[in-house]
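Please have the sequence and the 3D view open as you read.

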Amino acid sequence: MTVEYLPIVFFLIALFYSSVGFGGGSSYLAILSLFLTDFYEIRSTALILNICVVTIGTIVFIRNRVFDMKLFWPFLVVSIPFAYLGAQIRLSQTVFFLVLGSALVMAGVFMLLRFAKKKLDSKKFSNPKKSLLGGGIGLLSGISGIGGGIFLSPVLNLLKWENPRIVASLASVFILVNSISGLIGLNVAGTFKLNNELMLQLIVAVVIGGSIGSYLSNKKFNLKFLGVLTSILVLYVGFRLILLHGFDIKI
């Protein structure tokens, strides 16, 4: 694949991920690593694209009255500072991609389990449990350079916390606030860098893809096919990162 096809690929990624409330940061990271040489440029670019996609989703969810801050705030209050702290942790490129790849494999498995007939029956969460879950995922999102909704949403769906549209709206908001917090953390740590050559094209591509995906998500279409496809994409990206960077470890 050449650079000219990146906007098309990113459009499709944004479409798939936004249809289930995600931003696509994990796949942006994986693909950008093939074309950009600066590790910090990759993280910064992926976070900005993530923010572009989930901002659209968040606005759409609010307009459709799916967004409910009374349900969401316990997940967010601890995750935001933890995402900020996680973004300031300096990892080597190899360790970073191995951590990200492993986390994505787990997320992909949970996403597939979401479509299983049998689910756990733990719908009720206390606020401390919500904060603990949100804080842990917030820290992981800051370290990995993605918003964290891809980890939070599958767990909540598996536990039948709320209906999938409410979970998707939480994931969208969760990704937005943690991506912004992570971006601030990168800037404070002096690791925020951008390559502007493709930035505008990629932003346009993900905004269009994210708009279509968010529209589908909020129109109550049967998104099982896109959900399964997104799960497979997440697993593929995770395994690919592990295979590519696992051999770089020096023993």
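F67, F72, F75 and W161 form one aromatic cluster. Rings of Phe, Tyr and Trp (its six-membered ring) are paired here if their centres lie within 6.5 Å; planes under 30 degrees apart count as stacked, over 60 as edge-to-face and the rest as tilted. This is a predicted model, where local features need pLDDT of at least 70, side-chain atom pairs count only at pLDDT 80 or more, and totals for chains, interfaces and linings use all residues. Residues are numbered from 1 along each chain as its sequence is written, and side-chain values use heavy atoms, leaving out hydrogens and water.

Across the whole structure, a search finds six aromatic pairs. Two of them are set out here.

| Pair | Geometry | Centre to centre | Angle between planes |
|---|---|---|---|
| F10 and Y28 | stacked | 5.0 Å | 20° |
| F75 and W161 | edge-to-face | 5.2 Å | 80° |

F10 in helix α1 (residues 6-18) and Y28 in helix α2 (residues 25-32) are 18 residues apart, so their pair links distant parts of the chain. Helices are DSSP runs (H or I, at least four residues), numbered from the N terminus. F75 sits in helix α4 (residues 69-87), while W161 lies 86 residues away in the loop between α7 and α8 (164-188). Both F10 and Y28 are buried, as are F75 and W161. Buried means under 20% relative accessible area (1.4 Å probe, protein chains only).

Now to the glycine. G147 is in the loop between α6 (127-144) and α7 (149-158), and it counts as buried because its relative accessibility is 2%. Beyond neighbours within four places in sequence, G147 contacts (heavy atoms within 4.5 Å) N50, S141, F174, I175, N178 and S179.

Methods. Helices (H or I, at least four residues) and strands (E, at least two) are DSSP runs, numbered from the N terminus. Buried means under 20% relative accessible area, exposed over 50%, partly exposed in between (1.4 Å probe, protein chains only).
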